[in-house]
Amino acid sequence: MSHTTAPRPATTAPPAPEPPAAPAGRTALLAGVLLSLFLAAADSTVVGSLLPTIAGQLGRQDLYSWLISAFLLASVLVTPVAGAAADRWGGRRAMLAALTVFAAASAGVAAAHTMPLLIIARAAQGIGAGAVAALTYVLIGQAFDAHERGRMQGMLSSVWGLAAVAGPALGTAAQATVGWRWIFLLNLPLAAVAAVLVRKVPAAPATAPRVISPGALLSFAAGLGGLLLLIQTPALHMRTPYVVALALVTFLGLAAHIVLVRRRPAAALVPSAFATQGDQRISGLLAVGAAAVLYASVTLLPLALTAGGAAGATESGLFVITGALGWVAGSAVCGGLLQRLGPRATAAIGGLLLAAGPALLAAGAAHSLPLAVAGESLAGLGTGFVATTSLVHTQNTAPAQWLGAYTAAVTLCRNIGAAIGVNLLAAIQLSAAGHGSHGTSAGSYTTAFAALAVIGLLTLAGALRLPRRH
């Protein structure tokens, strides 16, 4: 497979791939990145359980949704920057910088006494958390070889599943005892421990002579930021003039970035291989499809169970845990099978599960708890298979000097897929409800889950185009 996206100087040979860390160093690295990832992932979910208390204390309830949106938008925007930083300055240095930003922003969240200041601090925290999450995968990819990456990625997915359950629980416990601000202050000593562990690993030299262009960075941030806000427009209830302005910013930002990258390919934050080369393009699309199915089903299932009378508003949220647990299990199983079966087989298994899970949900999950649990579990399993395959296959086929950028690009695709899935399926469900789909509001969720099954089938079709072996 030819890689044309990482130009090299004609007079110098590319640096040799960094050798895997020694076993003792890898143990410290693994402990440090797992702790770092848990902190970043838990803080993306902890605010949900704190929103009523925060809004009651600080006021401006019209702004509270931005406590989540600002964090998510910032974490997505910083993902490709983190990958480029890892290639430019080394993964260890980039991770230490990301942990510093995350800890400082966490202190800002704890100290904020107005809603606007809290939103700004949450956006800064999203920058640190997004960089930490992206660099976790980069560091693991650098420290472990192709035969071990599948098992390691399964372990990282387990941390995501644990954080999805632990985040809201920790938030609820904190606000009932010491107060919600302490849950963010706790990040400071834990981030310090993670930094100490990461520092035990010898500093790695930069693997590519890349220069992060300010123009390329600003144009990419403007275009992607506008796109993400457009995706979230139904949730944020923006008026038409703002939507038109965002569309214009998105177009101009992305157009300017394309022009700059065509003049200077090494300045690209996302390797052009994800648009031009088959394997990488398919891996990115698989990541989008898997995230869309999981995050949309997790969002819609509690609403469907409540609308159909299968569960009350309180207990319906508990059933989405099956999706997170399925993701963990799917990643672990896929990690063990990937080297033996190859990426096409494991991604195809995941695609089948991604289609079967939503199909079960569409068959009557709103009225049946067993169908809801089975469907959400299959969706989680499928996501574990597809997400792990797409990431490991990308790392195993990426040029060594661009490992950070390629890894971050897959993570970015996953985040964009989550945003697209949640908002697209919410729009489908609301449209179906408005037109009286199947005569009941519960029937509108059937339409939405059926659309998710179609996305699962498209993911399966893409999986079949991957090679049999890396």
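Here are a few friendly notes on the packing and surface of this predicted model.

1. Some ground rules come first. Residues are numbered from 1 along each chain as its sequence is written, and side-chain values use heavy atoms, without hydrogens or water. As this is a predicted model, local features need pLDDT of at least 70 and side-chain atom pairs pLDDT 80 or more, while totals for chains, interfaces and linings use all residues.

2. The largest nonpolar core has 55 residues, and V33, M95, L135, I140 and W160 touch the most other members. Helix α4 (residues 115-143) gives the largest share of this core, 11 residues. A second, separate core of 27 residues includes A296, L361, A372 and A448. Such a core is a set of buried Ala, Val, Leu, Ile, Met, Phe, Trp, Tyr and Cys residues joined through side-chain atoms within 4.5 Å; buried means under 20% relative accessible area, exposed over 50%, and partly exposed in between (1.4 Å probe, protein chains only). Helices are DSSP runs of H or I, at least four residues, numbered from the N terminus.

3. Leaving aside residues up to four places away in sequence, I140 touches L30, V33, M152, Q153 and L156 (contact: heavy atoms within 4.5 Å).

4. W180 and F184 are both buried. Their rings form an edge-to-face pair, 6.2 Å centre to centre with 80° between the planes; pairing requires centres within 6.5 Å, with planes under 30 degrees apart called stacked, over 60 edge-to-face and the rest tilted (for Trp, the six-membered ring is used).

5. On helix α10 (residues 240-263) you will find L252, which is partly exposed at 49% relative accessible area.

Technical notes
Helix = DSSP H or I, 4+ residues; strand = E, 2+ residues; numbered from the N terminus.
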